[in-house]
Amino acid sequence: MQLAQVVGTVVATQKSQRLDGLKMLILRPFGLDGKLGSGYLVALDSVGAGLGEVVLYCTGSSARQTEATKDRPADAVIMAIVDTVEVGGDVKYQKGKT
Amino acid sequence: MYLARVVGNVVATIKHPFYEGRKLMLVQRLDLDHKPTSTYDVAVDDVQAGVGDFVLVFDEGTGARQILQAGNTAPVRAVIVGIVDETDICESS
Amino acid sequence: MKFAWVIGTLVSTRKAEGLEGVKFLIVQPLDERRLPSGEPYVAVDATRQAGLGELVFVVASREAALSLDESFVPVDAAIVGIVDDVHAPLLPEEE
């Protein structure tokens with residue numbers, strides 16, 4: 001699993017029927033230094049994540065292992081909203097604090 | 001599947017129950033000239049391979065569980081499935 | 001499976017169904033000589049006993065979820081063992 005920040009949403013009217021009803025969010029990689037990495041990806045949401053939140057997502061066939069994404073064309077799914085990240089005893093991220 | 005050299009073995013006391021009694025080997029992936037690449041894996045040994053052996057590694061979950069007759073819930077992917085005697089590569093281009 | 005060092009922890013209250021009580025750890029991936037290689041990522045602890053600073057091995061992709069009691073969960077990396085020892089006589093020596 002990887003950390004990312006939700007930076008946007010994707011709206012598509014014409015899409016695979018199997019994607020109907022699913023929320024698509026744009027994620028930027030979130031480094032342990034608290035900075036956003038380069039690149040981005042679009043992930044489906046299984047937990048109700050919102051803009052600006054740091055989330056945990058997983059990729060590959062594991063992304064289809066939620067009730068929301070089962071048998072759907074999902075290759076990345078947000079599976080947790082992060083409260084705290086601690087590395088080597090230092091708090092690197094805490095929800096609600098910038 | 002890919003070709004690899006067994007470069008070592010791994011010992012663990014605390015592990016998932018599936019790994020109880022199974023031998024774990026450290027394998028280094030080889031290119032077609034049998035030169036080591038920078039890719040390695042920790043694989044379950046199903047053929048009594050030893051350090052230094054030139055082996056065939058299977059790297060896919062469903063098949064790995066079939067080979068090890070491990071039911072359908074074993075958290076495993078990489079299995080050494082053969083000790084290679086030789087490969088024959090036809091040079092093209 | 002690949003080697004990794006446990007370098008941190010991650011706490012989440014709101015997570016996908018089936019992940020209640022599952023411990024998340026931050027790990028630094030290692031190469032075959034146990035030297036850092038690549039960016040840290042998050043793995044679940046299927047041994048339930050891994051701690052900070054420990055050398056572990058991690059199973060990746062869909063198979064990771066199979067290490068948990070509830071296996072229909074979106075998990076793509078799981079710590080499945082804590083390494084006691086590695087004997088690797090054929091690896092080149094560190095410079």
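How many residues of chain C and of chain A does the contact take? The legends below begin with that contact.

**Figure 1. The side of chain C that touches chain A.** The contact takes 27 residues from chain C and 27 residues from chain A, where two residues are in contact if their C-beta atoms, placed from the backbone, lie within 7 Å. This is a predicted model, in which local features need pLDDT of at least 70 and side-chain atom pairs count only at pLDDT 80 or more, while totals for chains, interfaces and linings use all residues. Residues are numbered from 1 along each chain as its sequence is written, chains are lettered from A and ligands numbered from 1 in the order in which they are written. On chain C, E1, strand E2 (14-15) and strand E4 (41-45) each supply at least two residues of this side. Helices (H or I, at least four residues) and strands (E, at least two) are DSSP runs, numbered from the N terminus. E1(C) gives the largest share, five residues. By class, the side of chain C that touches chain A has 17 nonpolar, five polar and five charged residues. Here Ala, Val, Leu, Ile, Met, Phe, Trp, Tyr, Cys and Pro count as nonpolar, Asp, Glu, Lys and Arg as charged, and the others, Gly among them, as polar.

**Figure 2. Strand E1 of chain C and its partners.** Strand E6 (residues 84-87) of chain A and strand E1 (residues 2-11) of chain C run antiparallel and are joined by four bridges; two strands pair if DSSP finds at least two bridges between them. Val87(A) has Gly8(C) as its bridge partner, and Glu86(A) stands opposite Thr9(C). Within chain C, E1(C) pairs with strand E3 (residues 24-29) in the antiparallel sense over six bridges. Gly8(C) stands opposite Ile26(C) of E3(C). E1(C) also pairs with E5(C), again in the antiparallel sense, over four bridges. In that pairing Phe3(C) faces Phe57(C) across the strands.

**Figure 3. The side of chain C that touches chain B.** Here 29 residues of chain C are in contact with 26 residues of chain B. Strand E5 (55-60) and strand E6 (77-87) of chain C are the elements that give two or more residues to this side. E6(C) supplies nine residues, the largest share. The residues of this side of chain C divide into 15 nonpolar, seven polar and seven charged. Strand E1 (residues 2-15) of chain B runs antiparallel to E6(C), and five bridges join the two.

**Figure 4. Ala78(C) and the largest nonpolar core.** The largest nonpolar core has 88 residues. A nonpolar core is a set of buried Ala, Val, Leu, Ile, Met, Phe, Trp, Tyr and Cys residues joined through C-beta atoms within 7 Å. A residue is buried if 20 or more other C-beta atoms lie within 10 Å of its own, exposed if 12 or fewer, and partly exposed in between, with C-beta atoms placed from the backbone. The residues with the most contacts inside this core are Val55(A), Tyr57(A), Val27(B), Ala43(C), Val58(C) and Ala78(C).

**Figure 5. Chain B by itself.** Chain B has one helix and five strands, in the order β-β-β-β-α-β from the N terminus on. Its C-alpha atoms fill a box of roughly 50 × 25 × 20 Å, taken along the principal axes. Of its 93 residues, 39% are buried. Among contacts with a separation of 6 or more in chain B, 52% are between residues 24 or more positions apart. The mean pLDDT of chain B is 92, and 98% of its residues reach 70 or more; pLDDT is the predictor's confidence in each residue, from 0 to 100. Among the elements of chain B, helix H1 (residues 61-67) has the lowest mean pLDDT (92) and strand E2 (residues 24-30) the highest (96).

**Figure 6. Chain C by itself.** Chain C has zero helices and six strands. The C-alpha trace of chain C spans about 45 × 20 × 20 Å along its principal axes. Buried residues account for 52% of the 95 residues of chain C. Of the contacts in chain C with a separation of 6 or more, 53% join residues 24 or more positions apart.
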